[in-house]
Amino acid sequence: MALVDLRRHASEQGLSQPAMQAMGRHLTAGGQVIVFLNRRGYAPSLFCNACGWVAPCAHCDARMTLHRRAAQLRCHHCGAHSPVPLTCGSCGQPLNPVGQGTERVEETLGRLFPDAPLARLDRDTASGRGAMEAVLERVHSGAARILVGTQMLTKGHHFPEVSLVVILDADQGLFASDFRATERLAQTITQVAGRAGRAARLGEVMIQTAFPEHPLLTRLIAEGYEGFAASALAERREAAWPPYSRLALLRAEAKDSTGLDAFLRAAATLGAALADASVKILGPATALMARRADHFRAHLLIETAARSTLQRFLARWLPQIETLPGPSGLRWSIDVDPLEVD
């Protein structure tokens with residue numbers, strides 16, 4: 001694996017010059033190429049250069065994603081969609097797509113490599129019956145020379161003629177607030193990289209990043225996933241994060257943000273009365289996306305050193321939470337050992 005410093009190399013719609021040169025080299029040699037970007041659609045936002053307006057989702061604290069072929073703006077969180085506006089909703093000026101999704105990368109690659117047939121594998125192209133199998137068949141048969149795709153590419157597919165994998169944006173998980181984000185990123189990079197050189201052809205992997213000095217990336221390159229895992233475990237031991245502690249997350253959502261907060265505060269008060277010094281109750285805290293599908297979202301985080309302590313606490317606490325009043329439409333759940341703390 002090799003890192004491509006995006007600060008030092010010019011790029012065209014997310015494709016750096018070294019990556020484009022490597023793609024040309026591998027295609028000329030008869031190999032196939034995978035271009036990985038875990039972001040579907042044409043562009044992640046529609047932006048007004050005049051006033052700074054960005055097309056929002058009316059139901060979530062999120063931006064709408066442009067899907068150009070479908071002529072729609074879509075929210076990837078709640079499923080809302082709308083026609084693409086011709087002008088800015090605030091000042092009336094023209095709008096511009098900002099950023100890259102797999103649809104836009106496919107378009108760019110088609111322009112750069114017009115003689116190399118393309119295939120795209122993401123939720124948009126694989127949603128119909130038999131659609132995913134059709135895409136994979138084009139790759140296996142050699143009818144497609146370049147495959148652009150999202151996380152769906154990592155699901156154990158075997159492409160014997162793939163000799164180059166280009167990971168366009170390796171920075172999405174480097175600075176996330178979730179402590180497991182770097183673990184998920186390292187797993188994704190390792191899985192995607194494993195698609196190259198699986199048969200007779202030698203494999204090459206290029207990882208584009210604006211932070212080539214980041215410890216996760218340098219350790220992953222130098223020592224592989226095992227080296228990254230050893231470092232990550234040492235950091236978690238020092239911070240007393242799992243697997244060196246046990247967590248539970250009380251997630252709640254409601255259309256009434258004030259009532260939601262009151263419910264979680266009451267739950268925290270009940271928990272504090274039951275807990276000893278070995279149980280920490282943190283929050284309430286707003287979720288990273290505070291509003292999704294017209295519901296406000298927040299949580300409490302429970303932390304203990306031992307699973308048995310956590311289980312005893314939850315056995316006493318949860319029945320009491322069930323007696324608490326809450327706003328109309330309140331939904332809550334408990335997630336033990338949560339994979340995401342959001």
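This is a predicted model: local features need pLDDT of at least 70, side-chain atom pairs count only at pLDDT 80 or more; totals for chains, interfaces and linings use all residues.
Reader: How many aromatic pairs does a search of the whole structure find, and is the pair Phe179 and Trp241 stacked or edge-to-face?
Author: The search finds five aromatic pairs. In the pair of Phe179 and Trp241, the ring centres are 4.7 Å apart. The planes meet at 15°, and the cut-off for this class is under 30 degrees. The pair is therefore stacked.

Reader: How many residues apart in sequence are the parts that this pair ties together?
Author: Phe179 lies in the loop between strand 12 (162-167) and helix 4 (181-193). Trp241 lies in the loop between helix 5 (215-239) and strand 14 (246-254). The pair therefore ties together parts that are 62 residues apart.

Reader: Is Trp241 buried or partly exposed?
Author: Trp241 has 27% relative accessibility. Buried needs under 20%. Trp241 thus counts as partly exposed.

Reader: How far from Cys48 is the nearest cysteine sulfur?
Author: The structure holds zero disulfides. Cys48 is in none, and a disulfide needs sulfur atoms within 2.5 Å. The nearest cysteine sulfur belongs to Cys91, at 3.6 Å.

Reader: Is Cys91 buried or partly exposed?
Author: Cys48 is buried, with a relative accessible area of 0%. Cys91 has 34% relative accessibility. That value makes Cys91 partly exposed.

Reader: Which residue with a positive phi follows helix 1?
Author: Helix 1 covers residues 17-28 and reaches 17 Å from its first C-alpha to its last. Its buried residues include Met20, Met23 and Leu27. After the helix, phi is positive, near 95°, at Gly30.

Terms used:
Residues are numbered from 1 along each chain as its sequence is written. Side-chain values use heavy atoms; hydrogens and water are left out. Rings of Phe, Tyr and Trp (its six-membered ring) pair if their centres lie within 6.5 Å; planes under 30 degrees apart count as stacked, over 60 as edge-to-face and the rest as tilted. Helices (H or I, at least four residues) and strands (E, at least two) are DSSP runs, numbered from the N terminus. Buried means under 20% relative accessible area, exposed over 50%, partly exposed in between (1.4 Å probe, protein chains only). The expected span of a helix is 1.5 Å times one less than its number of residues.
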